[in-house]
Amino acid sequence: MNDKSPSGVMLVTGAGRGIGAGIARMAGSRGYAVGINYGRSQAEAEALAHDIERAGGRALALRADVGEADQVAAMFETLDAELGPVTALVNNAGILETRVPLDEMEPEFLARIFAVNTFSCFYCAGQAIKRMSTAHGGPGGAIVNISSKAAVLGGLPGWSHYAASNGAVDSFTISLAKEVGPQGIRVNAIRPGVIPTDIQKAATDVDFPSAARQTTSLGRMGTVEEVAEAALWLLSPQASYVHGIVLDVSGGR
């Protein structure tokens, strides 16, 4: 199926809920055909796809564990067939899980964190490059990786796994930008600060609104929509000379 969307085809990973869902919803409202990847949030992803289509857009819910390379490859093939080759990728999937002191951290736990938070960016970007890159006959495109302000602040005690996995995403973004810029692909990242999403439920002992008031210059939590606006801008022609940056959307934190 050929892409009929004036904005192209966007894939957002981890888009069943939270920031990913916000980005996917906004993308659909702005003319993108949207692939909504989810791992466990099937009902939410399908409802979002329905909402986008009911508003006149095109969307498809895509189940895949993006921490598994073979599932990522299959997801991109499905997207090719249903909506067309991807022209914009948002690597948003991420997990926080529970607090674990390093001396109690099991290798399997650490491997899963990095598979979802970090390796997924490699797997998805690799598939996107095969479709976007002018070296492969593609039209070019744009990639945005969603990191976290924890990448530079270190996060809360017991979440070194989360901070480190996102720090790797920042480094990956800068390196990949140098690699594929000559192939017509722009690569950037966003480091959100304190945003109210389900991922924070793992931190039951933290008062996030209070923490945001104390640690951000703006004195409040951010919103999903504020992160989505930044992502859509970075993917747009209006940001055509913005490349290889990691943009803080964190209220001055």
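Q: What makes α4 and α6 a pair of roughly parallel helices?
A: Helix α4 (residues 107-132) and helix α6 (residues 160-180) pack at an angle of about 15°, and their axes are 9 Å apart. Axes are lines fitted to C-alpha atoms, for helices over the stretch in contact, and angles run from 0 to 180 degrees between N-to-C directions. Angles under 35 degrees count as roughly parallel, over 145 as roughly antiparallel, 65 to 115 as roughly perpendicular and the rest as oblique. The angle of about 15° therefore makes α4 roughly parallel to α6.

Q: What kind of model is this, and how are residues numbered?
A: This is a predicted model, in which local features need pLDDT of at least 70 and side-chain atom pairs count only at pLDDT 80 or more, while totals for chains, interfaces and linings use all residues. Residues are numbered from 1 along each chain as its sequence is written, and side-chain values use heavy atoms, with hydrogens and water left out.

Q: Which residues of α4 and α6 meet?
A: Among them are Phe-109, Ile-113 and Phe-122 in α4, and Tyr-162, Val-169 and Phe-172 in α6. Contact means heavy atoms within 4.5 Å. By class, this contact has 15 nonpolar, 5 polar and no charged residues. Ala, Val, Leu, Ile, Met, Phe, Trp, Tyr, Cys and Pro count as nonpolar, Asp, Glu, Lys and Arg as charged, and the others, Gly among them, as polar.

Q: How do you know whether Gln-127 is buried or exposed?
A: Buried means under 20% relative accessible area, exposed over 50%, and partly exposed in between (1.4 Å probe, protein chains only). Gln-127 has 13% relative accessibility, so Gln-127 counts as buried. Gln-127 lies in helix α4. Leaving aside neighbours within four places in sequence, Gln-127 is in contact with Val-72, Ala-73 and Phe-76.

Q: At what angle do α3 and α4 pack?
A: Helix α3 (residues 69-82) packs on α4 at an angle of about 35°, with the axes 9 Å apart. Gln-127 is one of the α4 residues that meet α3, and the α3 side includes Val-72, Ala-73 and Phe-76.

Q: Why is Glu-97 called partly exposed?
A: Glu-97 has 35% relative accessibility, and therefore counts as partly exposed. Glu-97 is found in the loop between β4 (88-91) and α4.

Q: What is the phi of Glu-97?
A: Phi of Glu-97 is near 60°, a positive value in a residue other than glycine. Most residues other than glycine have a negative phi.

Definitions and conventions
Helix = DSSP H or I, 4+ residues; strand = E, 2+ residues; numbered from the N terminus.
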